[in-house]
Amino acid sequence: MEPLSVTVTTRSGHAVVRLRGEIDIATADAFRSALDSAVEHPAVSSLDLDLGRVSFIDCSGLRVLVGVRRAMEDKGGTVRLIRRSPAVERLLTAAGLDERLHVPASHVKVPVPAA
């Protein structure tokens, strides 16, 4: 298991959260806490999530993503997934949320490393 690493950068009403590692039932609370701190910051109106280095994500992580999207929309803000790993891409597609979670046209899909 790869431990979850979260980096949050906030500047001028914009927060960027970069994640690396596994998002599952064991790490979902840490993931949620990091996102909640960004969402609850009164000056933050947009949140970008870089999930390009997430090696695994399950429904626990998906629940956090949907919750943060809802929380940002409730405060009139936006959430964008700016990079998605193959693991994130698979889960979003399987759950039918790949189109519901905002992904900018210029988002980067991280290539699968060669075996």
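Here is a short chat about the salt bridges in this predicted model.

Me: What should I know before we start?
Reply: It's a predicted model, where local features need pLDDT of at least 70 and side-chain atom pairs count only at pLDDT 80 or more, while totals for chains, interfaces and linings use all residues. Residues are numbered from 1 along each chain as its sequence is written, and side-chain values use heavy atoms, with hydrogens and water left out.

Me: OK, how many salt bridges does a search of the whole structure find?
Reply: Seven. A salt bridge here is a side-chain nitrogen of Lys or Arg within 4 Å of a carboxyl oxygen of Asp or Glu.

Me: Which residue does D50 meet in a salt bridge?
Reply: R18, at 3.9 Å from N to O. D50 lies in strand β3 (residues 46-57) and R18 in strand β2, so the pair ties together parts 32 residues apart in sequence. Strands (E, at least two residues) and helices (H or I, at least four) are DSSP runs, numbered from the N terminus.

Me: And is D50 buried or exposed?
Reply: Buried, with a relative accessible area of 10%. R18 is partly exposed at 40%. Buried means under 20% relative accessible area, exposed over 50%, and partly exposed in between (1.4 Å probe, protein chains only).

Me: Switching topic, where do D29 and R32 lie?
Reply: Both sit in helix α1 (residues 28-40), three residues apart, about one turn of the helix. D29 is exposed at 52%, and R32 is partly exposed at 31%.
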